[in-house]
Structure formats: C-alpha cells, structure tokens
Amino acid sequence: MLGIILILVGCAGPEVRQGEMATVVIQPVHEQSAIVNEPFILAGRLVVNARQHRFSGGIRWQHTRQGDEIYLFSPLGQVIAEIFRDQTGVRLVTSEPAVYQAQDAEYLTSQVLGWELPLAGMQFWVRGIHFPGTVAEKDLDKNRRTVAIRQDGWQVVYRSYYPEREGMAILPKLLEFSRPNVKMRLLVDQWQGETKSGNATGTELP
C-alpha cells in the first residue's frame with residue numbers, strides 16, 4: 001500500500017516523496033494575475049447520468065481567455081446544443097432552435113439540459129489542474145501528476161493520461177466528474193493543448 005501524506009499548501013508548492021501518494025489542500029488565489037488559464041481545444045466523447053436525464057455523444061470545446069465555445073453532438077454527429085460563454089454571460093442554443101441565457105453555466109445547463117456543466121472549474125480540471133479561485137484538495141502520485149481533485153462539491157478522477165511528449169504538458173485522456181445525482185465521463189480523443197512553457201501548441205494527440 002502506498003503511504004498517504006496530507007500537506008497544507010500556501011504559496012510554496014508541495015514536495016512529494018518517491019513511492020508515496022500525496023494529498024494536498026490548496027488555498028484560493030484571489031489575485032487575477034496569479035490565475036493562469038491557457039487556451040485549449042479538445043474533442044472527445046461525453047457520457048452524463050443525472051437523475052432522469054442522460055446524455056451520450058460527442059463534444060468539441062474551444063477555450064480561450066475571453067470565453068468558451070462548446071458543441072454537444074448526438075451519436076450520429078448532429079449538433080444538439082451549443083454553449084457560449086463570454087464577459088456578458090452564458091448562452092445556450094438548442095437544436096429546436098431555442099436560445100437561453102444566464103450568468104452561470106452550471107445553472108443554465110441544469111435548467112435546459114437537466115444536468116450541470118461546471119464550466120468555471122471544468123476549464124481547469126480537464127487539464128489536470130485545480131480552479132485557483134476556491135479551496136481544492138488534490139491527490140498526487142509520486143511523479144506529482146494529479147490523480148484526483150475535490151473542489152466545489154465535485155470530485156474529479158483521472159483514469160488515464162496521454163503519454164508525455166517533449167515540450168508538451170501532460171494532458172488527461174479519461175476523466176470522471178461526480179457530485180450527488182450527477183456523474184460524467186469524458187474521453188478526450190484529440191487535444192490542442194499547451195506546452196510546458198505555457199504556450200499553445202497545434203499538435204493533436206492521437
């Protein structure tokens with residue numbers, strides 16, 4: 001069995017000893033300059049189980065520092081919902097078509113789709129990092145790779161990562177998100193992510 005250590009994290013990063021799993025508690029950072037949120041594009045498959053509502057299909061998500069564009073597809077490839085976020089709020093367009101607007105993506109998707117998409121945190125979680133604005137608890141393996149994040153009532157479990165490539169950040173491949181009455185499973189088929197230096201890269205992972 002691997003040892004478990006608990007570290008309270010302030011400004012300094014945690015040190016993880018070889019051969020041990022580490023659980024770290026990270027306090028929020030309120031200075032906007034300290035919040036790093038690099039652009040990415042991902043394409044994959046999303047499965048959602050939430051009370052009486054289900055979704056299974058494709059997802060394409062383009063994230064920038066200015067906003068998000070998320071497309072949800074049926075198993076046959078038709079667009080069934082489009083989600084747009086910018087400084088004015090969040091807009092959701094269904095295939096009817098019908099347009100819905102709100103300030104919060106989690107509330108809007110819950111009301112329209114019947115399940116919550118935690119966009120504020122998820123834009124960080126999909127890259128294997130925590131949302132810096134609230135307290136987060138993270139499990140790290142001996143290589144300091146994120147195994148799980150617990151934050152804002154959600155648990156994110158990282159089932160697999162893409163192999164490390166030179167100059168590329170290590171990017172998740174299979175993730176599970178859960179909270180009471182909601183479970184989501186995301187398989188990322190393609191990534192246009194960030195480099196270890198924080199710069200965007202056009203390389204897509206197979």
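This is a predicted model: local features need pLDDT of at least 70, side-chain atom pairs count only at pLDDT 80 or more; totals for chains, interfaces and linings use all residues.
Residues are numbered from 1 along each chain as its sequence is written, and side-chain values use heavy atoms, with hydrogens and water left out.

Back to the backbone: Arg144 is not a glycine, yet its phi is positive, at about 65 degrees. The residue sits in the loop between strand E9 (136–140) and strand E10 (146–151). Strands here are DSSP runs of at least two residues (E), and helices are runs of at least four (H or I), numbered from the N terminus.

Look for Asn181 in the loop between strand E12 (172–179) and E13.

Then there's a cis peptide bond, running from Glu96 to Pro97, with omega near 0 degrees. Pro97 belongs to the loop between strand E7 (89–94) and strand E8 (98–102).

## E7 and its neighbours

What is on either side of that loop? E7 and E8 pair in the antiparallel sense over five bridges, where pairing takes at least two DSSP bridges between the strands. A hairpin takes the chain from E7 to E8 through three residues. If you want a specific contact to check, Val90 has Ala102 in E8 as its bridge partner.

E7 also runs antiparallel to strand E6 (residues 79–86), joined to it by six bridges. The hairpin from E6 to E7 goes through two residues, and Ile83 has Leu92 in E7 as its bridge partner. As for burial, five of the six residues of E7 are buried, so this strand is largely enclosed by the rest of the structure.

Now for the rings. A pair of aromatic rings is described by the distance of the centres and the angle of the planes. Searching the whole structure turns up six aromatic pairs; rings of Phe, Tyr and Trp (its six-membered ring) pair if their centres lie within 6.5 Å, with planes under 30 degrees apart called stacked, over 60 edge-to-face and the rest tilted. One of the pairs is Phe40 with Trp61: the centres are 5.2 Å apart and the planes at 70 degrees, so this is an edge-to-face pair. Phe40 is in strand E3 (residues 40–50) and Trp61 in strand E4 (residues 53–63), so the pair links distant parts of the chain, 21 residues apart.

Are these residues buried or exposed? Phe40 is buried, with a relative accessible area of 2%, and Trp61 is buried too, at 1% relative accessibility. Phe40 also pairs with Trp191, again edge-to-face because the centres are 5.5 Å apart and the planes at 65 degrees. With Phe40 in strand E3 and Trp191 in strand E13 (residues 182–194), this pair ties together parts that are 151 residues apart in sequence. Trp191 counts as buried, at 0% relative accessibility. Put together, Phe40, Trp61 and Trp191 form one aromatic cluster.

How values were computed
Buried means under 20% relative accessible area, exposed over 50%, partly exposed in between (1.4 Å probe, protein chains only).
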